[in-house]
Amino acid sequence: MPGRLARRAAATAASAVLLPLLAAGAPPAGEAPAGAEPLRASFAEAARRYGVPESVLLGVAYLESRWDVHGGAPSVAGGYGPMHLTDLRAATGRDAGPGGRTRGTQTVQRAARLSGIPAARLRTDPAANVLGGAALLAEHGRRLGAEPGDGPAAWYGAVAAYAQAPDPATARVFADEVYAVIRAGVRRTTDTGETVTLPAGAARARTAAVPAAPAAHRTAAATGGAGAECPPELACAWVPAPYEVYGGKDGKPDYGNHDKARRPHDQRVRYIVVHDTEGGFDGSVQAVQDPRFVSWHYTLRSSDGHVAQHVRTRDVAWHAGNWQVNAQSIGLEHEARLTDPDAWFTEAMYRSSARLVRYLAREYDVPLDRHHIIGHDNVPAPGPDHVPGMHTDPGPYWDWAHYFDLLGAPLERAAYADGRVVTIRPDYARHRPVYTACTGDTAAACPPHGSGAVRLRARPAPDAPLVGDPGLHGGSPASTGVNDTGARASTGQQFAVAGRRGDWTAIWYLGRKAWFHNPASAPTAVVDDGATVTPRRGAGPVRVHGLALPEASAYPGGVEPERARPLPYTLREGQAYVLGGTQRGEYFHAPGLADESGAPSRVVRGRTVWHQIQVGHRIGYVKAADVTVVRPRSGGQPKV
């Protein structure tokens with residue numbers, strides 16, 4: 001079925017075709033009004049005025065926005081400001097999203113009625129936004145028995161109600177995370193440069209019953225968690241993707257939208273892939289239920305971190321644009337748009353995602369590092385013709401450092417390191433390289449925003465041209481486009497050092513030296529350790545592949561050998577690349593729909609040994625016979 005194979009393995013297979021929630025004509029982002037009071041003082045004033053504990057206000061706002069104001073721009077859920085007050089009409093020009101879910105969650109208007117502050121000011125003035133959020137919390141508190149002067153513990157029900165979740169379980173997860181933040185405390189510099197602190201404090205919540213959301217708030221993804229594979233502390237819904245035959249191209253039968261497997265018994269899960277949906281949660285959940293569409297394992301909602309599962313983790317979803325990565329991975333879609341940095345990834349979603357990934361990593365023995373927890377933008381093209389079409393989500397605004405902190409695997413300097421390897425680690429909030437093409441204008445600068453990616457140049461100078469990706473640019477340099485990954489290294493990725501000069505560090509990248517600014521006063525990388533591979537002496541240039549396949553003789557009769565063409569990258573003698581893992585060649589063969597007796601798939605294994613390397617912004621594979629592994633002098637071993 002060539003149509004099915006092309007559809008499930010094509011480079012454009014997953015995120016960008018989801019149904020966008022934000023419509024054209026949304027108001028442009030603006031700065032907070034001149035003279036707006038500092039954010040920290042606004043929380044104190046809101047607590048005094050409405051009788052809501054300041055720690056509760058700070059905790060809710062941290063879960064909603066990490067205290068960022070986003071220049072007045074809306075999130076993908078139509079939420080504004082640090083308290084994420086929602087106004088879908090202002091954000092999109094519509095009253096409701098698919099299925100009418102958002103019709104009952106327009107909290108800007110409710111906050112305006114309660115506080116007397118105009119809706120426009122609630123959307124654009126951070127201090128007013130905090131007051132509006134406090135008015136909403138106070139209303140929920142009155143309804144649920146909390147009174148002014150009560151301590152944080154009494155406000156649990158109000159916090160759960162504030163989430164506007166479609167079901168009590170999701171509301172409880174949101175409230176639990178808020179109280180976890182209150183207990184632990186947090187200090188952060190916001191996107192306006194203000195440092196806000198929530199001191200750690202005791203906050204044992206009174207977890208009274210949480211009322212169900214109104215019917216208008218509910219979605220197909222709130223049908224219950226029975227059967228969902230999730231940690232017990234998350235609210236997850238099982239919303240299955242179809243597995244069925246349908247009329248395909250030219251009337252020939254086809255099937256969709258995933259394959260049955262027996263992982264980890266038939267093959268190992270090596271990767272967890274982070275995607276973004278490029279549109280709304282409801283549209284994404286609707287799309288994954290179409291057998292003609294592609295699939296992924298989980299979707300996470302921005303507003304409250306709610307999780308919907310669609311494909312069993314033992315089965316193979318069609319999400320990565322690389323058939324081998326599909327077969328060896330679990331895919332998570334996060335509600336967001338990478339080209340609009342202020343349609344943001346919320347703290348609630350980061351935390352739900354981290355809890356889910358920790359759980360999956362334990363279940364499938366996936367190392368918590370950037371060789372195995374990867375973005376869609378780190379997945380290699382299966383062949384040279386696919387390089388230009390590979391996806392670029394979650395993009396340079398995904399906060400990998402914060403994500404790994406939440407995973408319990410912080411990206412820190414190695415205790416013992418010989419200086420031959422660096423891990424990219426800029427200060428996300430302060431590191432703000434200029435990106436372009438967030439809108440239709442390819443030359444227009446994107447709004448200033450924190451980023452976890454560093455830019456790579458041909459020489460150690462700020463005016464030097466960017467390096468280029470031969471598969472994207474031929475012999476030309478890369479651009480500053482937000483979707484151009486050709487001269488980009490992201491937080492957590494490890495590279496072999498190729499040189500140092502003043503404030504600049506060179507790494508080996510796509511077969512050449514690439515320089516990034518790494519001053520001691522504001523470092524963008526940390527010294528680390530790790531095994532590297534280097535071409536064998538006298539072996540000649542080593543070709544990089546996007547698939548680690550078995551040799552042709554390993555395929556049994558009746559199974560056509562999969563033949564991959566090398567990517568347009570060569571490694572030459574003297575270069576080095578960090579080793580991310582080692583495996584024998586594998587190919588997941590799934591010729592059709594399984595019957596009730598089980599999956600018709602099989603895994604072809606060969607004798608060819610492959611090493612996974614960090615070749616550029618994306619990973620790649622080289623044959624072990626072509627390279628030599630150099631172990632770190634510190635004695636560390638690669639995680640495979």
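This section describes the predicted model of a single chain, from its overall composition to selected strands, a helix and individual backbone features.

The chain comprises 640 residues, of which 62% count as buried. Its secondary structure amounts to 14 helices and 28 strands. Among contacts with a separation of 6 or more, 70% are made by residues 24 or more positions apart.

The mean pLDDT of the chain is 88, and a value of 70 or more is reached by 86% of the residues. Where pLDDT is low, the predicted coordinates should not be read in detail.

Attention is turned next to the strands. An open sheet of 5 strands is arranged in the order β27-β26-β25-β22-β28, and its pairing is antiparallel. The edges are formed by β27 (619–623) and β28 (627–630); each has a single partner strand, so one side of each is left without a neighbour in the sheet. On average, and with direction ignored, neighbouring strands of this sheet are turned by 50 degrees against each other. Within the sheet, β22 (residues 532–535) pairs with β25 (residues 577–589) in the antiparallel sense over 2 bridges. T532 has V578 of β25 as its bridge partner.

Strand β15 (residues 421–424) has two antiparallel pairings. With strand β18 (residues 494–501), β15 pairs over 3 bridges, and with strand β21 (residues 525–528) β15 pairs over 4 bridges. On the β18 side, the bridge partner of T423 is Q494, whereas V421 stands opposite D528 in β21. The side chains of β15 point in two directions: V421 and T423 go one way and V422 and I424 the other, and all are buried.

Helix α12 (residues 347–364) was examined for agreement between its length and its residue count. At 1.5 Å a residue, its 18 residues should span 26 Å, and the end C-alpha atoms are 25 Å apart, which agrees with that expectation. The helix is mostly covered, with 14 of its 18 residues buried. Just after α12, D365 adopts a positive phi of about 55 degrees.

Further backbone features occur in loops. Most residues other than glycine have a negative phi, and most peptide bonds are trans. R66 lies in the loop between α3 (54–65) and β1 (79–80). With a relative accessible area of 8%, R66 falls under the 20% limit and is therefore buried. A positive phi, near 55 degrees, is likewise found at H84, a residue other than glycine. H84 is situated in the loop between β1 and β2 (85–86). At 5% relative accessibility, H84 also counts as buried.

Two cis peptide bonds were identified. One runs from G256 to N257, with omega near -5 degrees; N257 belongs to the loop between β7 (253–256) and β8 (258–259). Another cis peptide bond joins R263 and P264, with omega about 5 degrees. P264 is located in the loop between β8 and β9 (271–276).

D87 provides a further view of a loop residue. D87 lies between β2 and α4 (88–92), and at 3% relative accessibility D87 counts as buried. Residues up to four places away in sequence not counted, D87 touches G78, Y80, Q106, V108, Q109 and R123. The C-alpha atoms of D87 and A77 are 8.7 Å apart in space, and the two residues are 10 residues apart in sequence.

Conventions: Residues are numbered from 1 along each chain as its sequence is written. This is a predicted model: local features need pLDDT of at least 70, side-chain atom pairs count only at pLDDT 80 or more; totals for chains, interfaces and linings use all residues. Side-chain values use heavy atoms; hydrogens and water are left out. The expected span of a helix is 1.5 Å times one less than its number of residues. Buried means under 20% relative accessible area, exposed over 50%, partly exposed in between (1.4 Å probe, protein chains only). pLDDT is the predictor's confidence in each residue, from 0 to 100. Two strands pair if DSSP finds at least two bridges between them. Axes are lines fitted to C-alpha atoms, for helices over the stretch in contact, and angles run from 0 to 180 degrees between N-to-C directions. Contact means heavy atoms within 4.5 Å.
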